[in-house]
Structures are given as structure tokens and as C-alpha cells.
Amino acid sequence: MNQKKSTLPVTCPSCSSGLAVQSLICPNCATTVNGMFDLPELLMLNKDELTFIFQFVKNSGSLKEMSKEMGLSYPTIRNYLNDLIDKLNQLDHERE
Amino acid sequence: MKENRNNIFIWLVNPFRFWGGSKLLTAGILVLLLHIPVGYFFGARFDGAIDMHISFDVSLLQVTTDVIIAWLSMALSFFVVAKLLNAPARFIDVAGATAVARIPLLLSVFPGYLFVPNAATVEEILALEGSDLYLLVAGSVILMVFVIWFFIVLFNAFKINTNLKRWKLATGFLLGVIVAEIVSLLLIRQVLEGIL
């Protein structure tokens, strides 16, 4: 049976607020660290947004190269980047 | 952000998701060039940024002037509005998109030509009855479909090239279209009066 790969939840399923990390575990020795840790802003992004950032870095920030690779027009890619910048600014603003 | 490039509906209403830059501009220039023979042979004039009229007696000079001014006024108007609203638009994309967006307007020549009423004046049109009236209604409905399609594509051209949202998008689009229409109507009249 194929096990589905789980993704890190970043928003509360009940009230939609951003989640924080309370517990971390070492997969090697099972040591657990408890506390209250904020999730890094990049981890607050969804899978598509993270994939976009990954492609952006891989293409040295060239939107033209990205548009070729992804089969989308330059304005589409640029809009996606601008929306992502807005979202990161908003997350940043919410943290302050 | 995977997009289905085989989705024909997206290609029909928003090809700008996949095409931009020089490729879109080349396609746009081809669309503009096609206006000239179609307009000439089917007697259609594009005497305004959002206009298409069947007038039968059309010269090559008229249809060429119409198309160049209609397209340029729309492209420049959209670009200026985008810059005024601080949108990150590139002229090459806006120029290509506004030219490609004219495809429905170009295609509307065919139903416009086929369903043209057998009447020259408003009184004659109001006096139409029987099959002539049905043809007029059918032609109007088909033309309306092309007009709606044209405005959807034009709106998407503006939207994708400006990335504006909400009231800025709606206001910018309306302003761009109105300015383009006024400028093109005035320019076409001035230029053709100057030449002819």
C-alpha cells in the first residue's frame, strides 16, 4: 500500500491562524525538544509557492528562463513573483 | 503553478498566460496584417479601438489606417494607464496582447458580413419583417457573442500585463478602453481627412 507523503501544516484547521512549532524530535535517537518556535516565513508558503522559489533560485533569478522552463509567459511569471513578494511582506508585517 | 497548456478554453480567452514578449508580438502583428485583406474584401472598417463596421466600400488605405491607429491607441492607452497605476507592464507585452486580443473582432467580420440587413436607414431596419427580421436578430446575437469574447480577451490582456487587483483593475481597464476609443476615433478622422 502506498503511503501518502504528508505535508507540513502551516495554518490552524480550526481558526486558520498561523501555527507554531511546539515539539521537535531527532529521528536518530528520538530525543525530543519542547518549546515554542515560530515557523520560518518560507515554511508558511504553500507547495506551489515553494516550488516557484526553488525554480527561481535554480534559474539564478531569471524570469525569462523560468517562463521558458515552465511554459508560461513572462508577465504570468512576473505576476506570480509579485504576488509572492506581497504575501511575504504581509507575513513579515504580521510577525512584527 | 502547473498550467494545462492543452486547455483550449484558456487559449481562447487568455492566451497571454502562455505567450508573451516577442512571440506574442509576432502573432499580434500577423493578426493586424490579416485585418487588411479581411477588411478590404469584406468591406469592414475598424474605425475605432473597439469598432468593427460593415460599410462595403472600403479602400486599402482606410482599413490599414484604421487598424494601425486602433491598435496603437489601445496599446499606448493601456500602457500609460498601467504606468499611472504603478503596474509593472512592458510595452512589448501590452502591444502584443492588444493586437492578439483583436482576433474576435477580426472574426466578427464574417457574421457581420453574412447577416448584414437588407436595409440602409433606421426606418428601413425598423420596417423589417419575416425572414429579414429573423436574420437581423440572429446576426445581432452572433455578433454579440464575438463582442463579449473580444472584451473578455481584452480584459485578460490588461489584467495579466498590469497585475492590478480589484478597483484599480476595473477602473484602469475602463479608463484605458475609453481613452483608446476617443483617441482612435479622433486620430482616424484627422489622418484620413489629411490624406484623402
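1. Helix α4 of chain B (residues 91-100) is largely enclosed by the rest of this predicted model, because eight of its ten residues are buried (buried means under 20% relative accessible area, exposed over 50% and partly exposed in between, with a 1.4 Å probe and protein chains only). The buried residues are B:Asp93, B:Val94, B:Ala95, B:Gly96, B:Ala97, B:Thr98, B:Ala99 and B:Val100. They pack against α3 (74-95) of chain A and, within chain B, against α2 (21-42), α3 (60-84), α5 (103-107) and α8; contact here means heavy atoms within 4.5 Å.

2. On conventions, the model is predicted, local features need pLDDT of at least 70, side-chain atom pairs count only at pLDDT 80 or more, and totals for chains, interfaces and linings use all residues. Residues are numbered from 1 along each chain as its sequence is written, chains are lettered from A and ligands numbered from 1 in the order in which they are written, and side-chain values use heavy atoms, with hydrogens and water left out.

3. Chain B contains nine helices and two strands, arranged along the sequence as α-α-β-β-α-α-α-α-α-α-α. Helices (H or I, at least four residues) and strands (E, at least two) are DSSP runs, numbered from the N terminus.

4. In chain B, 44% of the 196 residues count as buried. Of the contacts with a separation of 6 or more, 68% are between residues 24 or more positions apart. The C-alpha trace spans about 55 × 40 × 30 Å along its principal axes.

5. How do α8 (residues 131-162) and α9 (residues 166-195) of chain B cross? Their axes come within 10 Å and cross at roughly 120° (axes are lines fitted to C-alpha atoms, for helices over the stretch in contact, and angles run from 0 to 180 degrees between N-to-C directions). This angle makes α8(B) oblique to α9(B); angles under 35 degrees count as roughly parallel, over 145 as roughly antiparallel, 65 to 115 as roughly perpendicular and the rest as oblique.

6. In this contact, B:Phe151, B:Leu154, B:Phe155, B:Phe158, B:Lys159 and B:Thr162 of α8(B) meet B:Leu169, B:Gly172, B:Phe173 and B:Val177 of α9(B).

7. A:Glu41 lies in the loop between β2 (32-38) and α1 (47-58) of chain A. At 24% relative accessibility, A:Glu41 counts as partly exposed. Leaving aside residues up to four places away in sequence, A:Glu41 touches A:Leu91, A:Asp92 and A:Arg95. The C-alpha atoms of A:Glu41 and A:Tyr74, 33 residues apart along the chain, are separated by 26 Å.
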